[in-house]
Amino acid sequence: MNGYAAPLREMQFVLSDLANLDEIAALPDFAEATPDLVAAVLEEASKFASGVLSPLNPVGDATGSRWQDGEVLTPPGWVDAYKQFCAAGWTALAAPREHGGQGLPVVVSALVEEMWNGANIAFALSPLLTRGAIAALELKGSDALKERYLSRMVSGEWTGSMNLTEPQAGSDLAAVRTRAVAQSDGTYRIRGQKIFITYGEHDMTDNIVHLVLARTPDAPEGVKGISLFVVPKMILDDSGSPDVRNDVRCVSIEHKMGIRGSPTTVLAFGDKKGAVGYLVGEENRGLEYMFVMMNEARFAVGLQGIGLSERAYQRALNYAKDRTQGSEIGTKGDSKVAIIRHPDVRRMLMSMKCRIDAMRSLAGVVAASMDTARGHPEPTQRARSQAFVDLMMPVVKAWCTETGIEVTSLGIQIHGGMGFIEETGAAQHLRDARITTIYEGTTGIQAADLIGRKIAREKGQTMQWVVERMRETSERLAESGDPQLLAIGKRLGAGIDALVASTDYMLATYEADVKRASVGAVPFLELFGIVAGGWQLGRAALAAQRYLEQGQGEAAFYRTKVLSSRFFAEHFLTRAPGLAQTVLHGASPALAIDDDCF
């Protein structure tokens, strides 16, 4: 079996035992999210992922998208799959009901999105960007913009794109040069070039709603002078239908090592009279609004790391069960066995599995907190949940994607030499995963955001609250009396201690010596991700052990949960103290060496 199969039971466990779907469903906005409905949604998404998207994944990788006379042709099957995707309502899953969405909780849509990424990440990038554009317009768009665009974006009739990067302005958005000049009719004329625009041009819809960062002539310098504009591919007539082509054209598409089915475009705005654009919100506040899209996208990219890891694990597991090679160590005789019987292969498979469990659990809990932040009736609970989401966002994005690269690489290793051969498909998952630590903010940017905006700026208050919750789990594990849980609790406790020591260092160092703190930012983020993942696996082990003690069904599943958590504790939580030492003492060599000595 080389196709993708959604891990439905794993997802159901996250929903019921870690993300507390019953509490989310009790919120006024999510009353329809009953267990039966959610189970049906996941089941149907699984069928679509495995039956429609997964078979197209190798097709997209082999053929890629093609640029032809300013137009982009997506891989064979893409257009039809997108029509099916929209007809089934998948574009509208968590979108607001007032614009035609289904309004389901984010925690449900996140698990569905993991399926899309596991089945075909290149295809899934289009609805990902559209959701971000919907969120930005919903929050800050005028009533007229919402009326003209949102319902058609929610339905999937039109897609959206995010236009930040320029040739001279990658992560440094202060260097954006695209210009927007106000017109007497209230519109703006946009001129400039944007690069690395995902699905900036394609043949799946007849209109694309570009959200574009640009400067007005009298804007202040730096990021404070950036505004956000809707620049549609097609200008609408009075009835709201696409009428004439806007002054936006695709100059070329990039040739990439991965996600080849997804067109990454270079867009030119205003080669003639200037592209017609519509201001979103107020002038000079565009970066603030664009961060709405970016946060949506950053969480979604974290889910890409999980989906790709799951797909690589499934392929490696099937190969390990089928491939016969060598005799089993420690047994007599020379009979050949499947390589899954070899200890190092088992170690690699468990290294993949337990980290996928940790990532999915953490992302599910963060997604549930998004729902609570938006829908809980108590303001204090909303604020607490939002603070938790803000703190964890760079961790989900960066830790899940960095881990995804390691997991997909292990998938190749398990295949041995065959993993290096493209025909097996194992290499594609690593090639696809490699971009995830770069786009929507590199790991370094996420780490800087974590130690600066999310920890130093608020003096570690939310981190302290999270640590207290982690300690509660560690204490419950220590009090259980079960040897497996005791071992997990011991490793988690040591990991928490390492996290606290590193956080204290960041709080003491950031303002006094930001360079020294920044050298340790990425190791700190990795440390935080490992401990946060171990925390959720500790909770998972407690829940699984409770079911085992009660004699409830699926004993093998729950035993596996405990063993996966134990493996993570012994193989990954044990890294936390070492990472803490790197954070505390690793800056001096990096800062002391002369540039010419590198």
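**View 1. Helix 13 (residues 483–509) and helix 17 (residues 576–585) pack at about 10°, their axes lying 8 Å apart.** Helix 13 is therefore roughly parallel to helix 17, a label used for angles under 35 degrees, with 65 to 115 counted as roughly perpendicular, over 145 as roughly antiparallel and the rest as oblique. Axes are lines fitted to C-alpha atoms, for helices over the stretch in contact, and angles run from 0 to 180 degrees between N-to-C directions. Contact means heavy atoms within 4.5 Å. Helix 13 contributes Gly495, Ala498, Ala501, Ser502, Tyr505 and Met506, and helix 17 contributes Ala576, Pro577, Ala580, Val583 and Leu584. By class, the contact of helix 13 with helix 17 has 9 nonpolar, 2 polar and no charged residues. Ala, Val, Leu, Ile, Met, Phe, Trp, Tyr, Cys and Pro count as nonpolar, Asp, Glu, Lys and Arg as charged, and the others, Gly among them, as polar.

This is a predicted model, in which local features need pLDDT of at least 70, side-chain atom pairs count only at pLDDT 80 or more, and totals for chains, interfaces and linings use all residues. Residues are numbered from 1 along each chain as its sequence is written, and side-chain values use heavy atoms, with hydrogens and water left out.

**View 2. Helix 8 (343–375) packs against helix 16 (residues 555–571) at about 100°, with the axes 9 Å apart.** The two helices, helix 8 and helix 16, are therefore roughly perpendicular to each other. On the helix 8 side, the residues in contact include Arg347, Met350, Lys353 and Asp357. Helix 16 meets them with residues including Lys561, Leu563, Phe567, Phe568 and His571. The contact of helix 8 with helix 16 divides into 6 nonpolar, 4 polar and 5 charged residues. Helices (H or I, at least four residues) and strands (E, at least two) are DSSP runs, numbered from the N terminus.

**View 3. The largest cavity holds about 50 Å³ of space.** A cavity is a set of points on a 1 Å grid over the protein atoms alone where a 1.4 Å probe fits but cannot get out; lining residues have an atom within 4 Å of a point. Among the residues lining the largest cavity are Tyr82, Thr91, Arg131, Met153 and Thr159. Helix 5 (residues 106–140) gives the largest share of this lining, 4 residues.

**View 4. The second largest cavity has a volume of about 40 Å³.** Ala110, Leu111, Glu114, Leu303, Arg360, Ala363 and Gly364 line the second largest cavity. Helix 5 and helix 8 each supply at least two residues of this lining.

Notes:
On a 1 Å grid over the protein atoms alone, a cavity is a set of points where a 1.4 Å probe fits but cannot get out, and a pocket is an open set with protein on both sides within 12 Å along at least five of seven lines; lining residues have an atom within 4 Å of a point. Grid points are joined across faces, edges and corners, and a volume is the space filled by probe spheres set on the points.
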